[in-house]
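Keep the viewer open while reading.

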Amino acid sequence: MAAEPKILVFDEVAKHNLTKDCWLIISGKVYDVTSFMEDHPGGDEVLLAATGKDATNDFEDVGHSVTAQEMMDKYYIGEIDASTIPLKRTYIPAQTPSHVPSKPNEFLVRILQFLVPLMILGLAFAVRYLTKTE
């Protein structure tokens, strides 16, 4: 008789979110894809982006081949306890100040961006006028 699959909780699986230690949750199963990181056709960034959540939709949206789905068996390490998966990921926006003070030299930079081309154009006309022979 086959051994019962190992049951893992979400918080434990979510800790494995590095290139050298990467676990994914796909269709209620947990996969240790660490050894596959370098070989993944989409790159390791794709796999890392799918950590810390249920990556079933990410996996299915790509439309993986039957061969790719069969490969998953060798990375299988257990089942996820579905009751430990958060219903919705909490989005925490980046903290930005409501008023960003302008740089002290911003006005000077804008003036120079306008004046420098005008000075070059004026210099070109002056050189043309002074070197003109009649």
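Charges, rings and surface

The structure holds 2 salt bridges (a side-chain nitrogen of Lys or Arg within 4 Å of a carboxyl oxygen of Asp or Glu). This is a predicted model: local features need pLDDT of at least 70, side-chain atom pairs count only at pLDDT 80 or more, and totals for chains, interfaces and linings use all residues. Residues are numbered from 1 along each chain as its sequence is written, and side-chain values use heavy atoms, with hydrogens and water left out.

Q: Which residue forms a salt bridge with glutamate 12?
A: Glutamate 12 is partly exposed, with 31% relative accessibility. The closest N and O atoms are 3.9 Å apart, and the partner is lysine 15.

Q: How many aromatic pairs does the structure hold?
A: Rings of Phe, Tyr and Trp (its six-membered ring) pair if their centres lie within 6.5 Å; planes under 30 degrees apart count as stacked, over 60 as edge-to-face and the rest as tilted. By that rule, the number of aromatic pairs is 2.

Q: Which geometry do the rings of tyrosine 31 and tyrosine 76 adopt?
A: The ring centres are 6.1 Å apart. The planes meet at 70°, so the pair is edge-to-face.

Q: How many residues apart in sequence are the parts that tyrosine 31 and tyrosine 76 tie together?
A: Helices (H or I, at least four residues) and strands (E, at least two) are DSSP runs, numbered from the N terminus. Tyrosine 31 lies in strand 4 (residues 29-32) and tyrosine 76 in strand 5 (residues 76-80). Tyrosine 31 is buried at 7%, whereas tyrosine 76 is partly exposed at 30%. The pair therefore ties together parts whose separation in sequence is 45 residues.

Q: What is the angle between the planes of phenylalanine 36 and tyrosine 75?
A: Phenylalanine 36 is buried at 14%, and tyrosine 75 is buried at 11%. The rings lie 5.6 Å centre to centre. The pair is tilted, with an angle of 45°.

Q: Which residue lies over the face of tyrosine 76?
A: A charge sits over a ring if NZ of Lys or CZ of Arg is within 6 Å of the ring centre and within 35 degrees of the ring normal. Here the distance from the ring centre is 5.8 Å, and the residue is lysine 29.

Q: Which residues does threonine 56 touch, not counting residues up to four places away in sequence?
A: Threonine 56 lies in helix 3 (residues 56-62). At 13% relative accessibility, threonine 56 is buried. Contact means heavy atoms within 4.5 Å. The residues touched are Ile25, Ile26 and Ser27.

Q: Is phenylalanine 125 buried or exposed?
A: Phenylalanine 125 is placed in helix 5 (residues 106-130). Its relative accessible area is 56%, so phenylalanine 125 is exposed.

Note on methods:
Buried < 20%, exposed > 50% of the residue type's maximum accessible area, 1.4 Å probe, protein only.
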